Amino acid sequence: MPTFRYQATTPDGQSKEGVLQAPNANAAAAAVRAQGLRIVSMAAADETHGQSFAQKLKRLNTAKPTQKHVLEFTTQLAVMVRAGINLRSALDGIAEQTTHPEFKRIIIGLKQDVESGKQFSDAVAKHPKLFNELYISMVRASEMSGSFAEMLDRIAGYIAQQIETKKMVVGASIYPGIIGTLAVVVTVFLLTFVLPKFYTLFEGKEDVLPWATNFLMNLSQYLQAQWYLVVGVAAAVGIGGYLGGRTPAGKLYIDQAKLAIPVLKGMFRSLYISRSVQTMSQLIHAGVPMLDTLEITASVSGNQLYSRMWRSVHNSVKQGRNITGPMQAADLLPKSVVQMISAGEESGKLSEVMDEISSYYSKLLKDQIKAVTSLIEPIMILVMGGVVGFIAMAIIMPIFKMSQIVG
């Protein structure tokens, strides 16, 4: 019997991994869900069994499919279905045009599943790393309503916006990262290669040297003598931070920090609100039941605090109460947004209200990313200039004083 390895999350958001045996992937997924877990990923544990070393190496070197591949696939599929091409032929045509080997294999697998009589939603559900719960739920809803092509267009629009948002956030962090790295490299260079050349000039005059010069000389000598210790500590801190950030407690701490850092909290707040509200809007438009909508929104929100809030909303709706009570208690959404959602719920126009909120926060997010970028750039330049200037002055000042004494 095949063995499957899975990653899942518990109802309280904690990660869990495991291995189980099942006749097929669907049976394995059902067994995991029966434990009350939400599947993040699942794959055959013996997927590379029997492959040669060269085949395994080639598999490792092949880039994994990304959401850009999913976007292209969904867009092409929508156009072909709207043109009257049946799903099986459309998948066959897209597979022939796909150059990415791994994604081509996945599309061929989707075609084979459809040919065997499976629903398309069940076929894509076998690849949760590429097709998330929102994708699967919207496709499943369209299969029931008969609006497959329109729903694919809506899904493609959602994916495109999420890719654009991620690109903006990553782009905003690249420049500060480069400047910060340069500041560290320049500082280390000055301390280990430039300052030692002045040792003979300053030797024996430590009592009359400025404190800054003495401090930097001691620091320079320590770095040269104990460089392996400094590198080891830095590596240990980096690895420890990385591994700690992957634990549930570490992820929660990082998510809390994102909403607390003065310069960045507004940007991250808008990011999570925009993502959550847009997800809800798309699912409500698709006709997905509210409980499923809230559950999916919690899983894709991107922040554990927001995930907890949406799960609280889910529990509230499940008990027959309105959706705004837990939102007000969590204090993660502005009061105006909560009021708009409440009005939309009472009037039966929740999807329209969600569309307006999503559009507003998408625009606000773009403006805030630009503002954060324009604010961080001069701050980083000032910090870098201050560090380099401090080192330069610590070297120049005693030389200047000594020249005055000699003169």
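Guide: Asp331 is exposed, with a relative accessible area of 57%, where exposed means over 50% relative accessible area, buried under 20% and partly exposed in between, taken with a 1.4 Å probe and protein chains only. This is a predicted model, in which local features need pLDDT of at least 70 and side-chain atom pairs count only at pLDDT 80 or more, while totals for chains, interfaces and linings use all residues. Residues are numbered from 1 along each chain as its sequence is written, and side-chain values use heavy atoms, with hydrogens and water left out.

Asp331 sits in the loop between helix H16 (324-330) and helix H17 (335-347); helices (H or I, at least four residues) and strands (E, at least two) are DSSP runs, numbered from the N terminus. The phi angle of Asp331 is near 60 degrees, which is a positive value in a residue other than glycine.

Turning to the rings, the whole structure holds 11 aromatic pairs, a pair being rings of Phe, Tyr or Trp (its six-membered ring) whose centres lie within 6.5 Å, with planes under 30 degrees apart counted as stacked, over 60 as edge-to-face and the rest as tilted. One of these pairs is Phe73 with Phe103, an edge-to-face arrangement with 5.9 Å centre to centre and 90 degrees between the planes. Because Phe73 belongs to helix H3 (residues 67-82) and Phe103 to helix H5 (residues 101-115), the pair ties together parts that are 30 residues apart in sequence. Phe73 counts as buried at 1% relative accessibility, and Phe103 counts as buried at 3%.

Another pair, Phe268 with Tyr272, is stacked, with 6.2 Å centre to centre and 20 degrees between the planes. Phe268 and Tyr272 are four residues apart in helix H13 (residues 265-286), so about one helical turn separates them. Phe268 is buried at 12% relative accessibility, and Tyr272 is buried at 2%.

Ring pairs also link Phe73 and Phe103 with Phe120, Phe131, Tyr135 and Phe148 into a cluster.

A last stop is Leu191, which is placed in helix H8 (residues 148-194) and counts as buried at 4% relative accessibility. Leaving aside residues up to four places away in sequence, Leu191 touches Pro196, Leu216, Leu219, Ser220 and Leu223, a contact meaning heavy atoms within 4.5 Å. Leu191 and Met217 are 26 residues apart in sequence, and their C-alpha atoms are 8.0 Å apart in space.
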